[in-house]
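Dear colleague,

Please find below the structure that I am handing over to you. My notes on it follow directly after it.

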Amino acid sequence: MSDLAIVRFVKPALFSVCLLPVTCYTFWFFTDSLGANPIEAVTRRTGDWALRILLITLAISPFRRLTGWNRLAQYRRMLGLFAFFYGCVHLSLYIVLDKFFDFREILDDVIKRPFITAGFTSFILLLPLVITSTHKMIEILQHRWIQLHRLVYLIAMLAVLHFWWMVKIDTREPAIYAIILAALLGFRLVFYLQRKMLKTS
Amino acid sequence: MLLKVIKKCDANESQVTDEALYIDRRKFIRDSASLTAVLMIPALSLYQTSEAAKLNFKNIGKHKFSTDEELTSLDDITRYNNFYELGLRKGDPKRNAHHLKVTPWNVKVDGECEKPGEYGLEEFISPARLEERIYRLRCVEAWSMVIPWVGVELGTILRRFQPTSKAKFVQFFTLYDPQNLPGQRRPVLDWPYREGLRIDEAMHPLSILAVGLYGKELPNQNGAPLRLVVPWKYGFKSIKSIVSIRFTEQQPATSWNLVGPREYGFYSNVNPSVDHPRWSQKKERRIGEISKRKTLLFNGYTEEVAGLYAGMDLKEHY
């Protein structure tokens, strides 16, 4: 596919797909299709999508190496920013519709409740990555940019922990995300070790 | 030139019977007839049994303990449920409601009492009068509802079995039926679900056994045909689909306490100043509302029940 086609078609298409969940949930929210507790539903679901898109972002590099489909790298930033976008909506819903801007309560939650500590830390750590996501920043930071953006592994682990510690009893769903994340990180470890062995031999 | 004029009565392509089906039409008719017959069997038996266990819901008086707050809609009460026997998500119990077989239904009472026994549902509740009790329900998950229950006073029912002086507690058990109840096929909780009250809590006039809501029999997802309602405690204490009650001398084991003793105490009285380890209990969202309201001590029933806990440290006995 030509570069022009990517600019003209693939990116906007992917952009629209990433907007689908938030569009659907907004529509369902205002048409009363989210059950008896719609606020809880949208808060949970936007959190789900933040985590899912983050994991998809992390899947790009391994997938690229396996398939040699290098074009994929062009979508990584957009996906990462969408993970941040859903994280923002998720956090905003908590601040506005769960806590009603009661910052004392929020601080209490962040300090006292491990699952909120994990989720909140994960969000805060995303901020420097978002700020440094421009081409200009990559040029300025150079190899330190790569080091900085390794934070995403910690962010993903904290996000999975956030979900795991939140559920009351049924850990099947967070376990699935944990397994996917372990696989994605495991692949990187294998690749790293392979490269190291090649160098030494 | 040949023009085909389409008339209204012409069959279009989609209405033409498939050739294979046409050739096999006799078999098709035979099969559908026998399928209909098979489908009718459960429908017939359901009709008969539900007739047998009919309770009389006419002329039920509203009890003085009823609140005059706005009722939560029947739709919300019956589509947002925690009933893990029928699935873990809030919408599952409604979807899986048909798996709970409520007829016939017997309740067994034993333990520290003079007259243990087992009765059919109607017989079991017959000593007491059906009343409408509009109670607040506060879930441990920080949401709440206002529900017009139809039920009988628990104490009236329990006294018939003449608990002895050794009966310090009452334990309740939900139906154990893993063949029918999909949730019980996975060890999420230690089945069957069980709950317990101190005997004075059980005998308190606020405690009821509900058999209906909104003037009709309980929908299965709300704990049909017989459930406990203890409005000053978190919802999970109000055990659903009860088949057995036991008077005990020792404090009985309760399901959520077995799973997480730090998170779910035996008493589990609604208390805004004792947080759940993972979330605050200071506020609650009334289902159907956007903003949150303050949670009240004993779910607003302090005047009635505070005496039960005089001298007790509620932070320790959460």
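In chain B, strand β1 (residues 61–62) and strand β4 (residues 131–138) run parallel and are joined by two bridges. Strands here are DSSP runs of E with at least two residues, helices are runs of H or I with at least four, and both are numbered from the N terminus. Two strands are said to pair if DSSP finds at least two bridges between them. B:K62 has B:E132 in β4(B) as its bridge partner.

This is a predicted model, in which local features need pLDDT of at least 70 and side-chain atom pairs count only at pLDDT 80 or more, while totals for chains, interfaces and linings use all residues. Residues are numbered from 1 along each chain as its sequence is written, and chains are lettered from A and ligands numbered from 1 in the order in which they are written.

β4(B) also pairs with strand β5 (residues 143–153) of chain B, antiparallel and over eight bridges. Here B:I134 has B:P148 in β5(B) as its bridge partner. The two strands, β4(B) and β5(B), form a hairpin with four residues between them, and B:A142 in the turn has a positive phi of about 70°.

- Strand β2 (residues 106–111) of chain B pairs with β3(B) in the antiparallel sense over four bridges, and B:N106 is opposite B:G120 in β3(B).
- β2(B) pairs with β11(B) in the parallel sense over four bridges, with B:K108 opposite B:S244 in β11(B).
- Strand β6 (residues 169–174) of chain B pairs with β11(B) in the antiparallel sense over six bridges, with B:T174 opposite B:I242 in β11(B).

B:V230 lies in the loop between β10 (227–229) and β11 (242–248) of chain B. This residue, B:V230, is buried, with 26 other C-beta atoms within 10 Å. A residue counts as buried if 20 or more other C-beta atoms lie within 10 Å of its own, as exposed if 12 or fewer do, and as partly exposed in between, with C-beta atoms placed from the backbone. Beyond its neighbours within four places in sequence, B:V230 is in contact with B:L197, B:S207, B:K237 and B:S238 (contact requires C-beta atoms, placed from the backbone, to lie within 7 Å).

In total, chain B has nine helices and 13 strands, and buried residues make up 36% of its 318 residues.

In chain A, the 29 residues of helix α9 (residues 172–200) should span 42 Å at 1.5 Å a residue, and the end C-alpha atoms are 42 Å apart, which agrees. The expected span is 1.5 Å times one less than the number of residues in the helix. Two of the 29 residues of α9(A) are buried, so this helix lies largely in the open.

Finally, nine residues of chain A are in contact with 15 residues of chain B.

With kind regards

Technical notes
Contact = placed C-beta atoms within 7 Å.
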